[in-house]
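Here are my notes for you, as promised. Have the model open while you read them.

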Amino acid sequence: MAAPALPLASLEWRTSRRFWGVALLIVSAILFVALRNQWLLPHDDDAEFFKSLNGLRDWVDANRSSNLVFVLVVNTIRLSIAGLFDLLQGILIGLTWPGVTVLAGAIGLIFAGRRMAVVMVAGFLAFGLLGLWESSLDTLALTLGAVVLSLAMGIPLGILAGRSDRFQSVITPVLDVMQIMPTFAYLAPMALIFLIGPPAAIIATLIYAIPPAIRITALGIRGVSGTSVEAAVSLGSTRWQVLRKVQLPMAKRTIVLGVNQTIMMALSMVVITALIAAPGLGLDIVQALERVNVGVAFDAGLAIVIMAILLDRLATRASQRVDVRTRSGAAESTRQRRVVVLGAVGVTVVAVIVGQLVAGDGTFPDALRITFREPVNTATAWVEANLFGLTNALKNAVTGVLLNPLQTILTTSPWWLVGLVAVVAAFIVSGLRPAIVTAVCLLGLIGLQLWQHGMETLASVLVGTAITLLVGLTLGVLSARHDRFAAVLRPILDAAQTMPSFVYLLPAIALFSATRFTAIVAAVIYAAPPVIRLVEDGIRGVPATVVEAATAAGSTPRQLLWKVQLPMARRSLLLAANQGIVLVLAMVVVGGLVGAGALGYDVIAGFAQREDFGKGLAAGVSIVLLGVMLDRITQGAGGRPTGPGRPVAVVPPGTTIQAGVTGA
Amino acid sequence: MNGTTTPTVSVKGLWKIFGPAEHRLVGSADEALTSAELRQRHASTVAVRDVSFDVQPGEVFVVMGLSGSGKSTLIRCLTRLIEPTRGEILLDGEDIRKADAVRLRELRRRRFSMVFQHFGLLPHRRVIDNIAFGLEIRGDDKPTRYARAQEMLSLVGLEGHAGSYPDQLSGGMQQRVGLARALAVDPEVMFFDEPFSALDPLIRRDMQNEVLRLHHEVGKTMVFITHDLAEALKLGDHVVIMRDGLIVQAGRPEDLVGAPADDYVADFVRDVPKSHVLTLRWVMREARPDDQLDGPEFPPRTVIRTAVHAAAATDKPIRVVDDGRLLGVVDRAQILAAIAGLEDG
Ligand SMILES: Nc1ncnc2c1ncn2[C@@H]1O[C@H](COP(=O)(O)OP(=O)(O)O)[C@@H](O)[C@H]1O
Ligand SMILES: [Mg+2]
């Protein structure tokens, strides 16, 4: 070979990484063939460990009213939150349905203008017409309660994190873990400590929804330019004055974004807390799914979608208004506003009085009903009858070609071989620390007696992630390259990202009935939108100058994509992979509701049957372990250089403001 | 200049209009409107307006103008990175506007190359892979392209940086990589769009010398865009000055300095030290019978500054001789006047 001697470092890490990757594959394949079906850790539903966890539950139950910690702390919290929920629920019921509907319209009018008022009224009427008035109000009350608490705690914490580096560095890892934790995981501990019902639901929602409130507030405070703060300090402002007169006003826009995201995440989670007996629309869905009545679930799903749209539009419009108003400093419109507010309050009061007189018990009149139950059930039946061949073929193809072989490999390999491959892979992809985390998480899985179920879930997650990335890359690349395509796709993605995750179960189960594959489909639908977005943003973010240079050199569109755009969008792509895998895991375990089995089902069973509590609790923890492991492995990959010495962009998961709702 | 060779690049009646009126405007009565009127009436910008010029083989052809005058648009029209609205662009007689996508790529891969103001390097590739990029996409095999890239690397004085990544290099070094990348494909014409505007003055001067040296060594035809008059005069064999998409003057550097076509050009050249640009041809006079015609002899293209020494050493006038023919003479008085920057020595 006439290859010239290049003054390059002997072996580049990128090449060597590929080498070690291939070596690992070969060695593990040989070991797998030689040692399969040995060193297995088969699942045992009645493991002693699960029973001891049941014992823990029994201890908690026995001591709930005698142990001081429980009496003073836990019960106080539980009772005050229950009080908050009862208060909100009571107010909503007391207002009666005409009162609530008109109040919603009034809020829309005051915060977002006339069109929003109409949308709000129409939306609330829809809750009633669907026959879901009470459920909707319950969901709303839970959401409001969780949002109020999240903001009351999150904004001050965010301000603190924005002003103190020390606090920021303490809270960031905590938030990281909170955000990758699949929601399913902490329902069980919440139920154990706070009993099932609204208080536990609100606290679980709080944990889920508070990170964006803290993160985005801190981001906003930190985003205030140093010069502004310096100027204020040089004028002799106290820290408090700097905060109130400079930082908060200037960060307002960002903080409002955080509020918006907190609301959407709270709604998404409140629906899921149906699993720990929280009332509302989520419970309607769960019960309908248990009876495999897609039509009934559809009505509730529709109500959730409507509520999501209302809350999202309201918050978005309101924040845009905040913007316009601060900028135009409209002094004379203040009086106009006052008139609008007074009028709105007046109309609401009238509506409440009318409501009290006409609809004495506050319920929506039964005479008015619209339901999609029959049409949806008919459609589902039609799909089953006519598309069965197609859907079944797809299901069998994915299950047979991807899922089953992978699951077989993971569950019939010696446990230490799987562990070894995972740890070495983590080391190759991301480095030492992720490798250690991986080892610890896998040992945890063994300790929790859930190795086999963990592997089954992992197989689903890997298949779901692969499909998600395939879909996300394809659509992301397409929309980065074709503006028209992007224009069509964008509103769909926007809508998809405001939907609470539970809703995605419905189309999946309508098409594929209850199987592991159904959960994978739901996970793909759920995780694809943010992945598509990240891919598109990454490719569009490639500087025009570089694209032009490559074009001028005579690149074909394909060369441009493979040699320039994709490599340069690497960081976004890795972030997309990371988000994709975390989201897929979250949804695959929720898929326990639609036949996914394994860890997700263990969690659900734990809520349903007393004797399965211990296994459910262990499964919840296992899911967290899997989540942490997958997150660390994929997150580290983004930290490797495109050129050495390049500063690593720190993008904690979930801070992508516009990437919308994350986790399930 | 002799008129017999085909120009390497020949541009005739080139227009580029941005905006909704792009294809309505040329040829209509409104094409004569000023930019402001066009923008108002048609929401369109005429970036290049009826531009024609020829670039001769082996020369450095400079396009100069203030920012917004349409230079970048013009140079991008030449390689069809921007699709021209109208006009003819010939490369060695071939009409580039008629090339289909495949032919155009072929031209870009083998006949043109371009150096950009913001370098346009690929940050995820090492220097050597950046330089080899053009060779890679046209399908040269690995040993060939690395050998060639290595050669280019030495040519621009970056030996030892093959394995670096672009962001580890200074701006000047990055642009050397850009230069090497453009040279690597051994193009017929190199296009430069303000390649040194983003660099510090000192480094800019180095890079200009580098281009002169490379031009000397590899003898490529170059089309060079700049907003810096000194750069234009230093590098250009021919210079055109653009304003609002129009060419307001074209000529050799000394033509511009010696006889600015209008106030716009005059404004540009006012502070140029004339003796550094003007040649003897510009200041010579007819020989008179009383002149002593045995003084030092120079060709007419000699820059005045170069003749100063000779003029100082004798009190006889300098003879300006082309091909053995006496064109005229230059007195010390005329040289001094040029150095002092006086009009019409
Ligand atoms: N893609 C474009 N769309 C619309 N107008 C453009 C575009 N590119 C350049 N222009 C306009 O054309 C004119 C010439 O721009 P340009 O060629 O970049 O000038 P220069 O390189 O001399 O600074 C400017 O008025 C600019 O605003
Ligand atoms: Mg320009």
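The points below cover the fold of chain A, its pocket and the ligand site in chain B.

1. Ground rules before anything else. This is a predicted model, where local features need pLDDT of at least 70 and side-chain atom pairs count only at pLDDT 80 or more, while totals for chains, interfaces and linings use all residues. Residues are numbered from 1 along each chain as its sequence is written, chains are lettered from A and ligands numbered from 1 in the order written, and side-chain values use heavy atoms, with hydrogens and water left out.

2. Chain A has 27 helices and zero strands (DSSP runs numbered from the N terminus: H or I of at least four residues for helices, E of at least two for strands). Along the principal axes, the C-alpha atoms of chain A fill a box of roughly 90 × 65 × 60 Å.

3. The largest pocket holds about 1500 Å³ of space. A pocket here is an open set of points, on a 1 Å grid over the protein atoms alone, where a 1.4 Å probe fits, with protein on both sides within 12 Å along at least five of seven lines; lining residues have an atom within 4 Å of a point. The volume is the space filled by probe spheres set on the points, which are joined across faces, edges and corners.

4. Which residues lie nearest the centre of the largest pocket? They are A:Ala425, A:Val429, A:Leu462, A:Ile633 and A:Thr634, out of 42 lining residues. H1(A) gives the largest share of the lining, nine residues. By class, the lining has 33 nonpolar, five polar and four charged residues (Ala, Val, Leu, Ile, Met, Phe, Trp, Tyr, Cys and Pro are nonpolar; Asp, Glu, Lys and Arg charged; the others, Gly among them, polar).

5. Now to ligand 1. Its shell (residues with a heavy atom within 4 Å) includes B:Phe18, B:Thr45 and B:Lys71. The shell has three nonpolar, seven polar and one charged residues, and H3(B) supplies the largest share, three residues.

6. Look at the polar contacts (pairs of N or O atoms within 3.5 Å). A side-chain N or O atom of B:Ser72 sits 2.7 Å from an oxygen atom of ligand 1. Backbone N or O atoms contribute too: that of B:Gly70 is 3.0 Å from a ligand 1 oxygen, and that of B:Ser69 is 3.2 Å from one. The protein buries 60% of the 560 Å² that ligand 1 exposes when taken alone (Shrake-Rupley, 1.4 Å probe).

How values were computed:
A polar contact is a pair of N or O atoms within 3.5 Å; within protein, one must be able to donate a hydrogen and the other to accept it, and residues adjacent in sequence count only if both atoms are side-chain atoms.
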